[in-house]
Amino acid sequence: MTILRLAIPSPLRRLFDYLPPAGCNPTQLQPGVRVLAPFGKREVIGILMEITDQSEFELSRLKPARSILDTEPPLPRHLLKLARWAASYYQHPEGDALQQALPVLLRKGQPCEYQHETLWRAAEGASIAQLKANAHRQIALLQLLLEHPQGISTDALRAEGGQVSNLSTLQEKGLAESFQRCHKTPTSQILHEAPLPLNPEQASCLQQINAEQAFSINLLEGITGSGKTEVYLQAIEQRLNAGLQALVLVPEIGLTPQTVNRFKQRFSVPIVALHSNMTDRQRLDAWLQAREGIARIVIGTRSAIFTPLQKPGIIIIDEEHDPSFKQQDGFRYSARDLAAMRARDEQIPLVLGSATPSLETLHNAIEGRYHWLRITQRAGNSAPPRFELLDIRQIPLQEGLSPALVSAIRQHLESGTQVLVFLNRRGFSPTLSCHDCGWIADCTRCDAHMTLHQNPPHLHCHHCDKQSGIPLHCQECGSDQLQPVGVGTERSEQALQQLFPDFPVIRVDRDSTQRKHAMQEIMHQVNSGDPCILVGTQMLAKGHHFPKVTLVAILNADSGLFSADFRGMERTAQLILQVAGRAGRADHPGTVMMQTYHADHPILQTLVEQGYSAFALVELNNRKAAQLPPYSHYALLRAETSQKGRAEAFLGAIRQQLEDDLLLPPGAHWIGPFPSPMEKRAGMHRAQLMIYGQNRKALHQLLASLCWYLEQNPESRKVRWSIDVDPADTF
Ligand code: ADP
Ligand code: ZN
Ligand code: ZN
């Protein structure tokens, strides 16, 4: 008796048994192939995990699967194993995790093949003589087909002047035929431009990466502009020469085509990018080209970590500290951490690059688990930016700008350079408040204020997306004295435009870049080099190079200093340095001015006077003293319901049940449940239980029992709950 054990996308944490479909020869089945199977009232696509002859269910109760979709498994065995491992580590149902490792079209049951392009060619033995002498168009068309014995597409025929409407006539006469071919790009030469001669620091980093042909993890730490990308490019070149492929993960590429362009400029090998602006079809084709070894370099965001490579050679993660490498919902995996597992499986080097490494990665480097490679100088002689803290206590601000900052902006613009103003709030103003009674326009669905937008005018909740018109009167006292409080990017843009009417002010945030190509147009204007002011959110901090910017102004450096999240300080420092890194590339030395109410804050001072590494060491000491990650490990059990207090009660009951029934593994403990930092969001009331482990083993023992209890508890079907292992934030 043959039983197929399938991983099926469902919230249930188990595998499901089926009988083979009619006419299937089970000896030819390989684990990992997709299987179409009935599941409740639906048909779903499962992955074959095991072929066995036993089931805990009676055979008569097992249903036959409908059909087998693949002859070969789409994912190679080791990536299937990686996805399974991730499902267990991140406590996510296996069937769903495996699906997420596949391109969308494969999840939907499409064949694991390229989209075939229809091509035309002349039928065997066809000749012009078989056509009437006056059928000029048919003759011309057949002539074209005869000139392209490999086949030609209708578009190409049209481009060469062929009357494609006559193709069917030729086909009926048995003179032409169509066939399918997938698109492949041939590869011969590797380099398209010569690599730059490396400076000694870069050369030593490259040498260390290349020294390990097998598995190694390397932290490449170097300030923005220090030439890390050049090191990646040359490390990749070495792998390409050895006939291998490279996988490069970046935080986002839809918005920063420069990243991909830089690789295309350097290499003439086929490069594919995988990102959210592509159609599902394009993504599957790119994925297949990676799997078949046709694409030699694969550049993608988080989910690209599961892209199969026929000949893996190196994995590079740029901006490794970026929180986007951790998925924040559903299957909450960290692509960076999985990359380390994958590199070990494939016995290849992993390079983690950053100007501001995460404290986890830095800790691993300090402990000697990762090679720690550093570049301390900027490449190409450009000087690092100079930092200045602007103490704004008791200073009158004009729309968030201090007089000292305004005069610095004027000075830079008048000397013919560009200025970047950073502010982490989009919209006109973060609150709309009543001058007479203090009422504030709040979101009815969240514990949050509505943000005032003026372009177009409306109120918008940035947490649940609720939008409404701007009220004319206070809802408490009826007064019409409603005023915007606080400054967002729209307001800052308006104020700067009034202060500097002779210079263009360009706003860059999610609202201003929504239109297709908006970002390209902005970059085009900035690259013209004329003096201008760029004002925007952290979108400005990512990936872009602004060679003519000489002044970076940070309007509110304090925003994350006193966050409830223990990572608040780390994120603030990373963001500040990331924004600062935009200034003074090329030959223009840059200045970074940071407005703060806490100019004597020791951590801020360490950061600006001694740099990120010094800051990170102080912060690591604080984490150690408080036994916070990376000195411990934790997970969050989050719950939400529409009823106030119920999520918290549910978590409390789960905790109690576990405590009554089993001993906590040594080194594990929990804190809470507490209401979440934003208790109400999108109409749901939220609470969380923090689960700490001194080591991963203790934590995972506890989590495994926890999951079991959660699944048994009848209440858990009435509450939306999730487990987040190594969460990126506590909200
Ligand atoms: P990072 O990735 O660390 O921000 P990049 O690799 O983008 O730095 O380098 C910053 C600038 O310096 C780029 O314009 C790059 O072309 C240039 N550069 C990098 N390495 C060298 C080098 N060895 N010699 C000259 N210029 C270099
Ligand atoms: Zn009022
Ligand atoms: Zn809301």
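Mentor: Start with a scale for how open a residue is. Buried means under 20% relative accessible area, exposed means over 50%, and partly exposed lies in between. Keep in mind that this is a predicted model.

The part to look at is the pair of zinc sites. Take the zinc ion (ligand 2) to begin with. Cys434, Cys437, Cys474 and Cys477 coordinate the zinc ion (ligand 2) through their SG atoms. The distances run from 2.3 to 2.4 Å. Why is the arrangement called tetrahedral? Because the four donor atoms around the zinc ion (ligand 2) subtend angles of 103 to 113°, and the rule asks that all angles lie between 85 and 135 degrees.

Now follow these donors along the chain. Their spacing is C-x2-C-x36-C-x2-C. Two of them, Cys437 and Cys477, link distant parts of the chain, 40 residues apart. Cys437 sits in the loop between strand 17 (431-434) and strand 18 (451-454). Cys477 sits in the loop between strand 20 (467-468) and strand 21 (482-485).

Cys437 has a relative accessible area of 39%, so it counts as partly exposed. Cys477, at 43%, is partly exposed too.

Turn to the zinc ion (ligand 3). Its protein donors are the SG atoms of Cys443, Cys446, Cys461 and Cys464. They lie 2.2 to 2.3 Å from the zinc ion (ligand 3). The angles among the four donor atoms are 105 to 113°, and this site is tetrahedral. The spacing in sequence is C-x2-C-x14-C-x2-C.

Strands of a sheet pair through backbone hydrogen bonds, either parallel or antiparallel. Here three strands form an open sheet in the order 18-19-20, and the pairing is antiparallel. Strand 18 and strand 20 are the edge strands, each pairing on one side only. Strand 18 is joined to strand 19 (residues 457-460) by four bridges. Within that pairing, Leu452 has Leu459 of strand 19 as its bridge partner.

For contrast, step away to a parallel pair. Strand 10 (residues 271-274) pairs with strand 11 (residues 297-300) in the parallel sense, over four bridges. Ile271 stands opposite Ile297 in strand 11. Ile271 and Ala273 point one way from strand 10, while Val272 and Leu274 point the other way. All four are buried.

Strand 27 (residues 668-681) and strand 28 (residues 684-693) are joined by eight bridges. Phe674 has its bridge partner, Gln688, in strand 28. Two residues lie between the strands of this hairpin, and Ala682 in the turn has a positive phi of about 50°.

Domain 4 is given as 386-425 + 487-621, and domain 5 as 633-725. The centres of domain 2 and domain 4, taken over C-alpha atoms, are 61 Å apart.

Note on methods: Residues numbered from 1 in each chain as written. Chains lettered and ligands numbered in written order. Predicted model: local features only at pLDDT ≥ 70, side-chain atom pairs only at ≥ 80, totals over all residues. Heavy atoms only, no water. Pairing = 2+ DSSP bridges. Donors = N, O, S within 2.8 Å, 3.2 Å for Na, K, Ca; no water. Tetrahedral: all angles 85-135°; square planar, octahedral: opposite > 155°, others 65-115°. Buried < 20%, exposed > 50% of the residue type's maximum accessible area, 1.4 Å probe, protein only. Domains from an automatic or database assignment.
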